[in-house]
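Welcome! Keep the structure in view and try each task before reading on.

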Amino acid sequence: MSSEYRTGREGEFTYRGHTLEDLEEMDLDEVVELLPARVRRTIDRGLGIDHRKLAEEAREAGEEETANDPLRTHLRDMPILPSFVGVTFEVYNGHSFDRVKVEPEMIGHYLGEFHLTRSTVEHGQAGIGATRSSKFVPLK
């Protein structure tokens with residue numbers, strides 16, 4: 001973690017010198033100025049209809065706080081905004097939905113960064129005849 005994402009002395013989260021409460025009170029234009037360039041450009045170019053709808057649903061879910069129903073989405077390229085903190089999403093990876101609970105440290109990233117699309121590959125031992133070098137692999 002870089003110094004701009006660290007917590008304060010009292011254990012209070014700050015993002016580039018602003019507390020979470022400050023970020024939630026700011027307009028979207030003020031928050032965008034604090035975000036990294038890639039996310040800033042994504043928002044400046046305009047969020048699509050689906051992105052705006054998801055942002056509104058997340059804002060409503062964050063205000064309710066009692067609802068445990070996660071928001072299902074395929075929008076892996078949705079930037080995480082301060083109003084998303086505390087909301088649980090189910091992000092699609094091409095095969096299944098996985099739960100992602102948004103923490104304050106996730107602000108400025110994308111939803112897809114927290115649910116990988118590729119699983120790790122664990123190769124077994126090469127079989128006989130698989131390659132030229134496998135001719136010399138002992139049978140036991």
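**Exercise 1.** Is Phe-114 buried, partly exposed or exposed?

*Solution.* Please keep in mind that this is a predicted model.
- Step 1: Find the residue. Phe-114 lies in the segment after β5.
- Step 2: Recall the cut-offs. A residue is buried under 20% relative accessible area and exposed over 50%, with partly exposed in between.
- Step 3: Compare. The relative accessible area of Phe-114 is 33%, so Phe-114 is partly exposed.
- Step 4: Look at the contacts. Leaving aside residues up to four places away in sequence, Phe-114 touches Ile-80, Val-100, Met-106 and His-109.
- Step 5: Pick one of these contacts. Phe-114 and Val-100 are 14 residues apart in sequence, and their C-alpha atoms are 6.9 Å apart in space.

**Exercise 2.** In what order do the three strands of the open sheet stand?

*Solution.* 
- Step 1: Begin with the pair β3 and β4. Strand β3 (residues 71-73) pairs with β4 in the parallel sense, over three bridges. Here Thr-73 stands opposite Val-91 of β4.
- Step 2: Go on to the pair β4 and β5. Strand β5 (residues 97-101) pairs with β4 in the antiparallel sense, over five bridges.
- Step 3: Val-91 has Asp-98 as its bridge partner in β5, Phe-89 stands opposite Val-100, and the partner of Thr-88 is Lys-101.
- Step 4: Follow the chain between the two strands. β4 and β5 form a hairpin with four residues between them, and Gly-94 in the turn has a positive phi of about 100°.
- Step 5: The order in the open sheet is β3-β4-β5, with mixed pairing. β3 and β5 each have a single partner strand and stand at the edges, so one side of each is left without a neighbour in the sheet. On average, neighbouring strands of this sheet are turned by 30° against each other, direction ignored.

**Exercise 3.** Why is strand β4 described as largely enclosed?

*Solution.* 
- Step 1: Check burial. In strand β4 (residues 88-92), four of the five residues are buried, so the rest of the structure largely encloses this strand.
- Step 2: See what lies across the sheet. Helix α4 (residues 49-64) lies across β3 and β4, and runs at about 165° to β3.

**Exercise 4.** Which residues of helix α3 are buried?

*Solution.* 
- Step 1: List them. In helix α3 (residues 37-44), the buried residues are Val-39, Thr-42 and Ile-43.
- Step 2: Judge their placement. They cover an arc of only 95° around the axis, which means that they sit on the same side of α3.
- Step 3: Find what they face. The buried residues of α3 pack against α2 (28-34).
- Step 4: Look at another residue of the helix. Arg-38 is also in α3, and its relative accessibility of 47% makes it partly exposed. The C-alpha atoms of Arg-38 and Pro-79 are separated by 9.7 Å, although the two are 41 residues apart along the chain.
- Step 5: Step past the end. Gly-46 follows α3 and has a positive phi, near 105°.

**Exercise 5.** Which residues touch the most other members of the largest nonpolar core?

*Solution.* 
- Step 1: In soluble globular proteins, nonpolar side chains tend to be buried together.
- Step 2: Name the residues. The largest nonpolar core has 31 residues, and Leu-35, Met-78, Phe-84, Phe-89 and Ile-107 touch the most other members.
- Step 3: Trace the contributions. The elements giving two or more residues to this core are α1 (20-25), α2, α3, α4 and β4. The most come from α4, with four residues.
- Step 4: Examine one of the residues named. Not counting residues up to four places away in sequence, Leu-35 touches Tyr-15, Arg-40, Ile-43, Leu-81, Ile-107 and Gly-108.

Terms used: Residues are numbered from 1 along each chain as its sequence is written. This is a predicted model: local features need pLDDT of at least 70, side-chain atom pairs count only at pLDDT 80 or more; totals for chains, interfaces and linings use all residues. Side-chain values use heavy atoms; hydrogens and water are left out. Buried means under 20% relative accessible area, exposed over 50%, partly exposed in between (1.4 Å probe, protein chains only). Two strands pair if DSSP finds at least two bridges between them. Axes are lines fitted to C-alpha atoms, for helices over the stretch in contact, and angles run from 0 to 180 degrees between N-to-C directions. Contact means heavy atoms within 4.5 Å. The arc is that of the directions from the helix axis to the C-beta atoms. A nonpolar core is a set of buried Ala, Val, Leu, Ile, Met, Phe, Trp, Tyr and Cys residues joined through side-chain atoms within 4.5 Å.
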